[in-house]
Amino acid sequence: MSAPVETEDETGTPDGTPQQELRSYLWGYGLSLLLTLPVFGAVAWDWLPRAALWWAIGAAAVAQVAVQFRFFLHIRLKGQAKEDLQLVLFTALILAMMGGGTIWILHNLDGRMGGP
Amino acid sequence: MNTETGRHPGLNLGSGHAEAHGEAEALVFGFWVFMMSDLVTFGLLLATYVTMLDNLAGGPGPKDLFELKPVFIETLVLLTSSLTYGMAILSLKHDPGRRVQPVLAWLGLTLVLGLAFVAMEAKDLHALLAKGGAPQRSGFLSAFWALVPLHALHVTAAALWLMAIVAQVWRFGLDTPVKTALLRLGVLWHFLDVVWIAIISVVFLGGLA
């Protein structure tokens with residue numbers, strides 16, 4: 001990782017050499033397929049009991065979102081302006097509070113009202 | 001590994017494209033702010049959908065309405081279009097002769113995949129109506145129609161934007177406004193992938209599991 005970047009005409013753009021960048025996109029594509037295909041297979045052919053299946057879908061989705069952010073959207077923990085990462089993380093926090101809060105409160109209310 | 005730090009989130013064009021790289025900083029950051037507000041919209045529509053899951057009002061539910069196969073094909077099409085968009089940006093960034101053709105070829109392929117996604121999605125929604133899944137049928141279906149077609153509308157808008165950029169490349173070549181527009185559309189295009197992953201996981205895979 002600490003080897004100096006080849007000095008042709010592309011000296012160290014923030015995303016690495018052209019070959020590194022191409023490899024990064026292909027990795028991203030490969031990983032996203034790897035996280036998609038088994039989940040569809042598991043749902044199509046009932047490989048797991050229902051609760052385990054839901055957990056697997058959730059875990060694959062979270063990993064998939066991380067892959068998309070890392071390899072396609074180029075959001076990284078290092079090597080870019082801090083404000084941008086903070087923008088994404090703050091939005092995630094707001095969303096977790098509002099989305100999670102909505103589901104929690106309405107589920108609770110549903111229980112208290114006797115539910116459909 | 002790198003000697004420069006990125007100026008903005010998303011792919012940086014780097015110092016080889018000094019003018020566009022400099023201009024992109026504020027433009028791409030601004031676009032990210034919009035994108036994150038859009039993320040909140042989708043997140044809350046998804047939360048609404050989850051709270052409405054049991055509100056079928058005697059109408060059809062996920063297992064009566066959804067089919068896995070078309071969703072699977074749509075997912076592959078959208079994921080592949082993200083890769084081809086990335087290839088377009090990489091040829092924009094690195095092509096030694098600054099040629100227009102490779103960029104246009106990858107963008108054209110991306111556009112075809114995007115339009116194919118929208119067409120398949122439209123067919124699915126039409127099939128849903130035929131199965132009695134109209135939005136006014138139940139709270140569940142209202143929430144579904146607010147969420148999934150909104151994503152399809154986003155992809156449609158992104159495809160229209162892509163057509164406009166292709167026309168600009170055709171007319172003006174790869175000048176600075178075109179480059180920064182491609183960087184911003186890239187954020188939207190990959191972001192719509194992320195939203196689709198959330199939608200298939202909660203609505204389709206979760207509903208059919």
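**View 1. H151(B) and the residues it touches.** Leaving aside residues up to four places away in sequence, H151(B) is in contact with L192(B), V195(B), W196(B) and I199(B) (contact: C-beta atoms, placed from the backbone, within 7 Å). This is a predicted model, in which local features need pLDDT of at least 70, side-chain atom pairs count only at pLDDT 80 or more, and totals for chains, interfaces and linings use all residues. Residues are numbered from 1 along each chain as its sequence is written, while chains are lettered from A and ligands numbered from 1 in the order in which they are written. H151(B) sits in helix α5 (residues 139–172) of chain B (helices are DSSP runs of H or I, at least four residues, and strands runs of E, at least two, numbered from the N terminus). Because H151(B) has 19 C-beta neighbours inside 10 Å, it counts as partly exposed (20 or more other C-beta atoms within 10 Å make a residue buried, 12 or fewer exposed, and anything in between partly exposed).

**View 2. Chain B as a whole.** Chain B has 6 helices and 0 strands. Of its 209 residues, 46% count as buried. The C-alpha atoms of chain B fill a box of roughly 60 × 30 × 30 Å along the principal axes.

View 3. Residues 71–91 of chain B are 100% helix, with end C-alpha atoms 30 Å apart. Residues 187–208 of chain B are also 100% helix, and their end C-alpha atoms lie 30 Å apart.

**View 4. Where α1(A) meets α3(B).** Helix α1 (residues 18–44) of chain A packs against helix α3 (residues 68–94) of chain B at an angle of about 175 degrees, with their axes 10 Å apart (axes are lines fitted to C-alpha atoms over the stretch in contact, and angles run from 0 to 180 degrees between N-to-C directions). The two helices are therefore roughly antiparallel (angles over 145 degrees). Among the residues that meet are Y25(A), L33(A) and F40(A) in α1(A), and F72(B), L79(B) and H94(B) in α3(B).

**View 5. Helix α3(A) and what follows.** The 31 residues of helix α3 (residues 82–112) of chain A should span 45 Å at 1.5 Å a residue, and the end C-alpha atoms, 44 Å apart, agree (expected span: 1.5 Å times one less than the number of residues). Of these 31 residues the number buried is 1, so α3(A) lies largely in the open. After α3(A) comes G114(A), with a positive phi near 95 degrees.

Note on methods. Two residues are in contact if their C-beta atoms, placed from the backbone, lie within 7 Å. Angles under 35 degrees count as roughly parallel, over 145 as roughly antiparallel, 65 to 115 as roughly perpendicular and the rest as oblique.
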